[in-house]
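Here are my notes on this model. Please read them with the structure open.

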Amino acid sequence: RFQQVQSMMCDLMEWRSQLLSGTLPKDELKELKQKVTSKIDYGNKVLELDLIVRDEDGNILDPDKTSVISLFRAHEEATDKITERIKEEMSKDQPDYASYCRMSSSPTHSLYVFVRNFVCRIGEDAELFMSLYDPQKSTIISENYLVRWGSRGFPKEIDMLNNLKVVFTDLGNKDLSRDKIYLVCQIVRVGRMDLRDSNSKKYTQGLRRPFGVAGTWCL
């Protein structure tokens, strides 16, 4: 029973990551929600817990708003589905390492980054774009994390001082199997066209110019 529940929990964790990613189309999202609720109901049956009756969309039926007859029919339908599911599971001959394989293939890896300081003499405001980079394929494999840094050496939002944190999520085994992954920081200067322009001279404000880049091996 432990291995059976462990396997179901691995499936639920993987499906949860897909639901939270926000990248699924509406029809696939509805189908995945139904798979999740079906797996939960089946797990409750295995653990001898109470059966939860749901509507077609997988939402729990409210006994205060649903008639007794509707609840009874929904209970019968749910019981029949779970019984059929148990027969299907019993007919399958799954190896013992199935749960381990699902756990290892689950895209639940994350990378936590805490930015403590940024030391670079620019003289003007800057924008720092941090992302994960695959050097072999020469491509960025994550979204950018933006930090706005002031000209005085502090974050633009002073309340973010010592609180610049980001988690790069949804890193699967495909990402971990890459030869190397770098954390790359692209520096963009925001201000004058030329740093040599004096404050007394007319110049264009708010221009964004590439200033530098830094990288470190992280995975």
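1. Terms first. A residue is called buried under 20% relative accessible area, exposed over 50%, and partly exposed in between, using a 1.4 Å probe and protein chains only. This is a predicted model, in which local features need pLDDT of at least 70, side-chain atom pairs count only at pLDDT 80 or more, and totals for chains, interfaces and linings use all residues. Numbering runs from 1 along each chain as its sequence is written, and side-chain values use heavy atoms, without hydrogens or water.

2. Aromatic pair. Rings of Phe, Tyr and Trp (its six-membered ring) pair if their centres lie within 6.5 Å; planes under 30 degrees apart are stacked, over 60 edge-to-face, the rest tilted. Phe118 and Trp149 have ring centres 5.8 Å apart and planes at 75°, so they are edge-to-face. The pair joins distant parts of the chain, 31 residues apart: Phe118 lies in the loop between strand E1 (109-115) and E2, and Trp149 in strand E4. Both Phe118 and Trp149 are buried.

3. Charge over a ring. The charged end of Lys165 sits over the ring of Phe114, 5.4 Å from its centre. The test asks for NZ of Lys or CZ of Arg within 6 Å of the ring centre and within 35 degrees of the ring normal.

4. Overall architecture. The protein has 5 helices and 7 strands. Helices (H or I, at least four residues) and strands (E, at least two) are DSSP runs, numbered from the N terminus. Their order along the sequence is α-α-α-α-β-β-β-β-β-α-β-β. Of the 219 residues, 29% are buried. Contact means heavy atoms within 4.5 Å. Among contacts with a separation of 6 or more, 63% involve residues 24 or more positions apart.

5. Helix H1. H1 covers residues 2-21, 20 residues in length. Its first and last C-alpha are 29 Å apart, close to the 28 Å expected at 1.5 Å a residue; the expected span is 1.5 Å times one less than the number of residues. Buried positions in H1 include Met8, Cys10 and Trp15. Just after H1, Gly22 has a positive phi of about 70°.

6. Which residues other than glycine deserve a look for positive phi? Most residues other than glycine have a negative phi. Ser138 has a positive phi of about 55°. Ser138 lies in the loop between strand E2 (125-134) and strand E3 (139-140), and is exposed at 51%. Asn162 has a phi near 60°. Asn162 lies in the loop between strand E4 (145-149) and strand E5 (164-171), and is exposed at 53%.
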